Amino acid sequence: MKDRTRKQRAAIGNEKADIVLKGGNIVNVFTEEITQDDVAIVEDTIVGIGKYEGKREIDCTGKYIVPGFIDAHMHMESTMVMPQELSKVILKWGTTTLIADPHELVNVKGEKALDFLLDATGHVPLNIYIMIPSSVPATKFDTNGAGKFLAENMEKYKDDPRVLGLGEVMCFHDVIENKREIMDKIVLFEDKIIDGHAPGIAGKEVQSYRLAGIDNDHECITFNEALEKMRAGFHILIREGSGAKNLEAIVKGILHAKLSFEQCMFCTDDKHLDDIEREGHISYNVKKAIQLGVSPVKAVKMATYYPARFYGLKNYGAVAAGYTADIVVLKNLKQVKIDFVLKSGYVVDDDYLSLFQYEVKEPEMLNTVIFKPITKEKLVLKREKKNHVMEIVKEQLTTEHLFEEIPGKGDVFIPNGEYTKLCVVERHGKTDHVAVAPLKGFGIKNGAIATTVSHDSHNIIAAGDNDEDIMIAVNYLRKLQGGYVIASDGKVIESLPLPIGGLISNLSSSAVQKKTKTMIGIAREMGVNQGIDPFITLSFMALPVIPKIRLTDKGLLDVEKIQLIRQG
C-alpha cells in the first residue's frame with residue numbers, strides 16, 4: 001500500500017516522480033494521436049502523462065516516446081545464445097518483451113529442457129513469456145531426442161504466470177482430422193492463447209483449423225493467404241527474420257486492399273544475432289512497414305499494443321498511467337532511430353544490465369550429440385532417369401518439388417554447381433539413420449556446411465558438393481557436441497561450438513555474433529546464393545511441416561501428400 005500511495009501522490013502532483021521524460025512527442029496507441037507532454041515514472045510504473053517534476057528529468061524535446069516493442073513469436077534458441085545474452089542484444093533495439101516458443105530445445109531434451117529455459121528466462125533484464133511446445137516431435141517422419149511431449153507432460157506448466165498458452169500447432173493435418181493426441185493439448189489450453197502454424201492451407205481447412213481453437217498464424221507468405229486467414233478470424237503474425245521475409249508482401253497487400261491492421265502483429269521467428277546487430281530486431285519490422293506506407297502510429301501499434309492486448313499482457317503495450325515503464329525514446333519516428341530504452345523504469349545501460357547475474361545450469365543439456373561416424377558409403381545416392389529434387393525458395397522457408405534429371409556418373413549422383421548433396425544424420429543415438437537427397441539453389445562449391453541446428457528434431461543436416469568434406473564436417477560435430485562447421489579441401493576451416501543441446505553456445509553474444517558473421521562470409525565466398533541464409537535456411541530443409549518437400553533422417557518427404565517418397 002505504501003508504494004501504491006507514493007505512485008498516486010506522484011500522479012496527482014503532490015510528490016516528485018522518480019524519473020520524468022520531459023516534453024517528448026508521445027505516441028498514444030489508444031487515440032492514435034501524437035501529443036507533446038511529460039511522462040512521469042515511479043519505480044517500474046508510468047504514473048501520469050502531463051506536466052510533472054521528477055527527481056531525475058530527461059529532456060526529450062523533439063524526440064518520440066513509444067511503448068517497448070514486443071516480439072510476438074520467437075525461438076530464442078535460434079540466436080544460439082543464452083537468454084541473458086540475448087537480452088543484452090535486443091534491449092538496445094527497443095524490444096522489451098518476447099513471446100518465446102522453446103520447442104527447439106524441448107525436442108532435444110523434453111521436460112528437462114523446458115525446466116532449464118523457464119529457469120534461465122526468469123533471471124533476465126527483459127520480459128520473456130513462454131508458449132508450451134505443442135508439436136514435439138513435429139511429425140512421425142523424423143526422430144527427435146525427447147520422444148513425445150504429451151498433454152499430461154504439459155499440465156504442470158499451465159498455471160505458471162509466465163506461460164501464456166500453447167505454442168505453434170504445426171501438426172495442422174492432425175488438427176483438421178481431429179486426432180486425439182493434439183486435441184488433448186488444445187483442450188488443455190482452451191482458456192489460453194493457442195498459436196498456429198499452417199502454411200498453405202485454404203478453403204475448408206482454414207475453417208476447420210480455426211474451429212479447433214487456433215488463434216493466429218505466422219506462416220503466411222502471400223497477402224491472399226493472410227487475407228483468407230484474417231477473414232476466418234485469425235490474427236496474423238507478420239514475420240521478418242533471417243530465413244523468412246514475409247513482411248513486404250503482406251503489408252503491401254493490406255495497404256492496397258485498404259484493410260485494418262488490428263489483426264496484425266510483428267514477429268521474427270528465427271533471426272541471427274548478426275542480422276539483429278545490422279538491422280535491428282522488431283524495430284526493423286516497424287521501420288520497414290513505415291517505409292512501405294504504413295502510418296508510423298499503426299506500425300508502432302503492431303509492435304506494441306496489438307500483441308500486448310492479444311496475449312493478455314494487461315500492463316504492457318502503451319505509454320499511459322498504470323502501464324509498466326517499458327519505453328523506447330526515438331530520435332526519429334519514421335526511421336525508428338533509437339535514442340535510449342527504459343525497462344521497468346530503468347534506463348538500459350551497463351549499470352542496469354549488471355543487476356542481472358545468472359549462473360548457467362547446463363549439465364543435463366550437454367552431451368546430446370550421439371552418432372556413429374559416417375562413412376562415404378552412407379552418402380551414396382543412386383541416380384534414376386529422373387529424381388525428386390528439393391529446390392530452395394529465396395527469402396522463404398518453403399521449397400519447390402522438382403522431378404528432373406540430376407548430374408552424376410553411371411547410377412550415382414554427383415553434385416555440381418547447380419545441384420548440392422543434402423544429408424540428414426540422426427544424432428540422438430536412436431537409429432543411426434542417414435538420408436541423402438539432391439538440393440537445388442544452395443550454390444556451395446568446394447566444400448560443405450554441417451550443423452546440429454535442424455528444425456525441429458535437430459538432427460545433423462549437411463550440404464556440400466563432395467562427399468569428403470561432407471563427411472569431415474558431419475563427423476567434426478561429434479567432437480564439438482553440436483554447432484556449425486564448414487569444411488573445404490579435406491579439412492575443417494571454421495566452426496562454432498553449440499554444446500548446450502547442440503543448439504546454444506555458452507559464449508557471449510558478441511563472440512557468437514562475430515563467429516557467425518565470419519562463417520556466413522566464408523559460406524558466401526564458397527558460393528552460397530544471396531537470398532539464402534547459409535545456416536538458417538539450411539536448418540529448415542529438414543522441417544517436415546512446411547511445403548513442399550523435405551529431407552528427414554527417415555527419408556525424402558512429400559509434405560503435401562504426407563508420405564515418404566524414398567526412405568533412408
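This briefing covers the pockets, cavities, aromatic contacts and cysteines of one structure. The model is predicted, so local features need pLDDT of at least 70 and side-chain atom pairs count only at pLDDT 80 or more, while totals for chains, interfaces and linings use all residues. Residues are numbered from 1 along each chain as its sequence is written, and side-chain values use heavy atoms, with hydrogens and water left out.

**Pocket and cavities**

- Pockets and cavities are found on a 1 Å grid over the protein atoms alone: in a cavity a 1.4 Å probe fits but cannot get out, whereas a pocket is an open set of points with protein on both sides within 12 Å along at least five of seven lines.
- Lining residues have an atom within 4 Å of a point.
- Points are joined across faces, edges and corners, and a volume is the space filled by probe spheres set on them.
- The largest pocket has a volume of about 550 Å³.
- This pocket is lined by 24 residues, and Ala138, Thr139, Lys140, Cys171 and Asp174 are the closest to its centre.
- Helix H5 (172–176) and helix H6 (180–188) are the elements that give two or more residues to the lining of the largest pocket; helices are DSSP runs (H or I, at least four residues), numbered from the N terminus.
- The lining of the largest pocket has 13 nonpolar, 4 polar and 7 charged residues; Ala, Val, Leu, Ile, Met, Phe, Trp, Tyr, Cys and Pro count as nonpolar, Asp, Glu, Lys and Arg as charged, and the others, Gly among them, as polar.
- The whole structure has 4 cavities of 30 Å³ or more, and the largest cavity holds about 60 Å³ of space.
- Of the 17 residues lining the largest cavity, His75, Glu168, His197, Phe540 and Leu543 lie nearest its centre.
- The lining of the largest cavity comprises 5 nonpolar, 5 polar and 7 charged residues.

**Aromatic rings**

- There are 8 aromatic pairs, meaning rings of Phe, Tyr or Trp (its six-membered ring) with centres within 6.5 Å, called stacked if the planes are under 30 degrees apart, edge-to-face if over 60 and tilted otherwise.
- One of these, Tyr305 with Tyr306, is tilted, at 6.4 Å centre to centre and 45 degrees between the planes.
- Phe30, Tyr305, Tyr306 and Tyr323 make up one aromatic cluster.
- Tyr306 is buried (under 20% relative accessible area, with over 50% exposed and partly exposed in between; 1.4 Å probe, protein chains only), because its value is 2%.

**Cysteines**

- The structure holds 0 disulfides, a disulfide being a pair of cysteine sulfur atoms within 2.5 Å.
- For Cys264, the nearest cysteine sulfur is that of Cys220, 9.3 Å away.
- Cys264 counts as buried because its relative accessibility is 0%.
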